[in-house]
Structures are given as structure tokens and as C-alpha cells.
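Hello,

Please find below the structure I said I would pass on. My notes on it follow.

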Amino acid sequence: MPILETIGLEKRFGGIVAAQNVNLAIEQGARHALIGPNGAGKTTVVNLLTGVLKPTAGRIVLEGRDITALEPHQRVRLGMARTFQINQLFLDLTPLETIGLAVSERVGSGGDWWRLVGSKAAVTDEIVEIVERFRLADVMHERTAILPYGKQRLLEIALAFACRPRVLLLDEPAAGVPEAERQELLATIAALPADVTVLLIEHDMDLVFSFADCISVLVNGSLFVDGPPEDIARDPRVKAVYLGEELDA
Amino acid sequence: MTAVAALSEDVSTYLARRARWSPLEIAFWVFAFATIWLFPGKYLILKDTAILALFALSLDLILGFAGILSLGQAAFFGFAGYFTGLAAKYGVINEPVVALVLAGVVAATLGFVTSFLVLRGSDLTRLMVTLGVSLMLGEVANRYSDITGGADGLQGVTIAPILGVFRFDLYGHNGYVYCLIVLFVCFVIARRIVYSPFGLSLRAVKGNSLRASAVGIPVNGRLVAIYTVSAAFAGMAGALLTQTTAFCSLDVFSIDRSADLLLVLIIGGTGYLYGGLIGAVIYRFMQDYISTLTPQYWQFWIGLMLVGIVLVGRERIGGWNEALRAAISRFFARFVSRSATLGAAAPDGG
């Protein structure tokens, strides 16, 4: 049984169809990539999966449970977290505070008003682990607003990871990261634990083909084809609609 | 491995120290309580200031920490003020501390019910809806003048001694001490809230509510909670006014009161808890000083000050004095650490 599944997912904005009959099936522990040309509806699909948008039709099933009607924060609690294509960070907080709040939230003490942040040893340990994993130790006391872009990008992923997701949606994680900081980012993504299922939405073909074990191609809001990377790379139709366009550009 | 241990040490020390009272804060409160002995002739204005400070603190909790802009804090202030006055007048609840706590609960209930109105919409929407609620309550109080006393105010309120012991004396000594203690207790609670995971999540919601929900924060639930707490604080400020004046009139609901409150908070700065307190002191004493010079036109100077603040603060008007605050705390920290070093060195030398 797939860990995350969509059945006939559809989203219309007035007369515009942003996603139509999307049937995705993401296997437990997969490194799944969702690719497609600009405006194919990739981010719409992510917004539908995470509950930022409500679908016009169709269902979303996470670990056998229908989550179509749930609020974004409820889906996070059930084990699905995401990053954003454009950084969505808490600019006035430090990385330490940012991760601290996400961890507090996950362990269920996010609403505690009488306890000080970090008064639970388990929370502190987990903050340390995440700061270490995402190489944020040297900047953890700085305001997020003044961090280098590459570090902000790492924090973007660290924040989603701090929710301890079973399914992690990465929306163009490498977008806009300068070459010098890119390797650090890619290494961190490659080192994500194997039991975390990853859905990668990406433009960068090198990253997609080096990372993914399954690729879905989205064109004009519909799922065009999916399969292992070798098949996708060889598929002449994909070349025509997507890779061809990319190579020409 | 040692790097991780050092990191772990760093994180836990930082988190442990984060909420520690700074020497500057301690000095602030020592001075606040010292005013009881320092300025015995000024109890009335000091008492007004303490009430205004608590009221401004209530606004800071929602504006400075959760980003909810409100022009309707007077609704809670007035509602609880009348509740306290009526309860005392008809002898239902006589003891002031019990009445104060109940007034807080009553205001919190009103805050909880109306909080659902502020969940949706942007700043302007919230400004209008909060204003609307306080206008409605003001007119309800006006309409039922047989209960509230209408334009003449609520007459015949007698307030029992605090805890059955301390009478509200003519000089306002007990009244001031009482208000100051209530302010301090509420401040400590607010401070605890701000440094808790809940408080941190509010800052996250204020900073980026889209992302806040994406890390599992129930955004609406948190806003409802802090709005309710804020209403309780505003209500207690209203109750204190009724108790210390043994009177309550329609102007507790006035727009002026909410607008002045916003002004007080902006003068002091938002989002660091002391803004409302410092703003209240500056506002109230400026009002007192300027109005002795020019009784009619004192607000001209407040207006001028506001314009100056906008010019300095620009987009971050609530943080216009951030640089000043940072400089003061740096100076103070250096001063304190120097004297601490001297203190530590003394035993060796002697």
C-alpha cells in the first residue's frame, strides 16, 4: 500500500484547471520526484497535498487515512511536512528558536504557556540533533533574516524535518542556491533518513536523476507518465514535452 | 563527538538563560516599587499610570506578540469595569481581589466569544471589527442607563477593603500599592507566556502564519487563546479603575481610550513587554506636565511626538526605539558585569 496516494485529485480556479485527475501513488520510503514544465501545476499539487488549498474534487489518503478535509496543521501532526519553493521562514527568530518551536509543537507541548522553551531534555536533544544534521550550528543564534541564502535554504528543510515527517515534500529545495553552497545542500538532502519518504518537486534535472528512484511527470495539470528514472529518461514523449523543451532552452 | 557535546551544552545554556531576568529588568521593578516611598504625593497619577500600563500590556500581548491590531480593547476594559462596579454596588462580590479575578474571567469570556471575529481578515478588518464591538457595548451601556447610570455614571459604588484589611484611603496609597502588585503579577504571567513554547508559536504566527501552520501550529487556536488572555488583562485594568475610583462611567468604552492605548504602546515600543509600561509612564507624565502649561492644547505635543516616532520608526513603527533599547541594555550589561568583576575580585585582594 502506498504511504501517500491521491485519487482523481482536481483543482479549478474559476474556469482555469490547475490540476486534473491526478492519481499519485508514493511508496513507503521512496525517493519520488514530481517534475514538469513551468506552470504544469506542481506547486498546486503540493498545496493540495498539504492542505493549503482544498481540492475541487478527489481524495488524498495518507497511510490509509483520508486527509482531504483536514487542516494543514493536522496533516503535519499525522506525519506530512513540506518545504516551500520560496523561503517561508520566521525572519525575526533565530534558527535555534525556529527549530525549537517546531520540535515543541511536534512533541505536543507547543501550547504550553507555563513551561519555558527547552525545559524538556528530549526537546533540547532533538534541537541539537537537527542543528547538527543541517549544519546550522555556526549560525543558530543569528536572526534568520540576516543568514546567507544557502543557510536559509537549509533551515527551510530543517524546519520541515523538525516535524519528524513520515512523508517529506521538498518544493524545489535547490532553487536559487548559489553554486558554492549547493553541494552542502545536496549532501544534506541525500543524507535524509531512509525511512522518511521524500517527494521532490524539482526543475533541476541533475538533482532529479541523481536522487529519485521514481519520477512522475506532470503536464498541464495532469499526470502524464510515471516510472523509474531510466524509463522516463528514455521516454520519447517526455523528451518531447519536457526534456526537449528544457534542452532547447 | 565532543563537537556535539559542546553544541548540546551551548543549546541548553542558551535556552536556560533565555528567560532569565536581566539586571535591567530587576532595576526597573525595584524602582517601580520604590516609587511607593519616593513619591508619596503622586499616588493618584502613579495609580493611573499602573492601570494604563496593565491595559497597554494587554494590547502588547496581541499586537506585539501575535500581530493582532485592535482598536477595541476598551470593550473588555469597560465591560469588566461595569461588572466590578455593579457587583460592588449590589453587594454581590465585595472583596476587591475576588472581584478582580472574576472581572478578568468575565472579560476573558467576552474576549473568547469575540475572538472568532478577529481570526479572519487583515489589519484593517481587525481594526474595524474590534472597534465595532466596543462601540456596540458602549451603546448598550448607554441604552440601559437604568442599570449603568448612563451619562451620569454608576453612582453609589462602595468598595470593600482589600482582603478585608486594606482600605482604599484618601491619599491613594493602598490603591496604588494594590494596582502595582496586580500589574506586577500580570506582568510575570505575561512574561512567562512570552518565553513559553506557546509564546514562541505566537511569534511564529505573527511572523509567517502560512509557515506556522506548515509546522503543525494550530494558528487559529493560538490566536483565540492569546486574544482571550489579553481580554482578561484589559478587563482587570478596567476593574482596577472602578475599584480605585469607586465609580464607572460610559467613557470606559470610548474610542479615545482604545486609541490612546495604541498611542501609549507605540510610544513605548511593541513586542518586548516593557513597551506598554514605559509608554504609560511617558504618556501619563507628559500629559500631566504639559497640561499644567497649556491645559487645552496638550495633545498637540503628543501629536508632535507621534509624528516624530513615525519619522524615526518608518515601517517598523512599533520598534522605533529598538536601537536606543539595545544601546541602553548594552551599557547596563557592561556596567553590571564590571561591578560583578570588581565584586568577585575583592575577596582575593582582601
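Two residues are in contact if their C-beta atoms, placed from the backbone, lie within 7 Å. Among the contacts in chain B between residues at least 6 apart in sequence, 77% join residues at least 24 apart.

This is a predicted model, in which local features need pLDDT of at least 70 and side-chain atom pairs count only at pLDDT 80 or more, while totals for chains, interfaces and linings use all residues. Residues are numbered from 1 along each chain as its sequence is written, and chains are lettered from A and ligands numbered from 1 in the order in which they are written.

Chain B overall

Chain B has 15 helices and 0 strands (DSSP runs numbered from the N terminus: H or I of at least four residues for helices, E of at least two for strands). Its radius of gyration, 22 Å, is close to the 20 Å of the globule rule for 350 residues, so chain B is as compact as a globular protein of that length. The radius is taken over C-alpha atoms, and the rule is 2.2 Å times the number of residues to the power 0.38. Of the 350 residues in chain B, 43% are buried (20 or more other C-beta atoms within 10 Å of the residue's own; 12 or fewer is exposed, and in between is partly exposed).

Side facing chain A

In chain B, 31 residues are in contact with 38 residues of chain A. The largest share of this side of chain B, 9 residues, comes from α1(B). By class, the side divides into 18 nonpolar, 9 polar and 4 charged residues (nonpolar: Ala, Val, Leu, Ile, Met, Phe, Trp, Tyr, Cys and Pro; charged: Asp, Glu, Lys and Arg; polar: the others, Gly among them).

A helix pair

Helices α12 (residues 255-268) and α14 (residues 298-313) of chain B pack at an angle of about 50°, with their axes 11 Å apart. α12(B) and α14(B) are therefore oblique to each other (angles under 35 degrees are roughly parallel, over 145 roughly antiparallel, 65 to 115 roughly perpendicular, and the rest oblique). B:L263, B:I266 and B:I267 in α12(B) meet B:I302, B:M305, B:L306 and B:I309 in α14(B). This contact has 7 nonpolar, no polar and no charged residues.

Positive phi

Most residues other than glycine have a negative phi. B:A246, in the loop between α11 (219-245) and α12 of chain B, has a positive phi near 50°. B:A246 is partly exposed, with 16 other C-beta atoms within 10 Å. For B:L273, phi is positive and near 70°. B:L273 counts as buried, with 21 C-beta neighbours inside 10 Å.

Regards

Conventions
Axes are lines fitted to C-alpha atoms, for helices over the stretch in contact, and angles run from 0 to 180 degrees between N-to-C directions.
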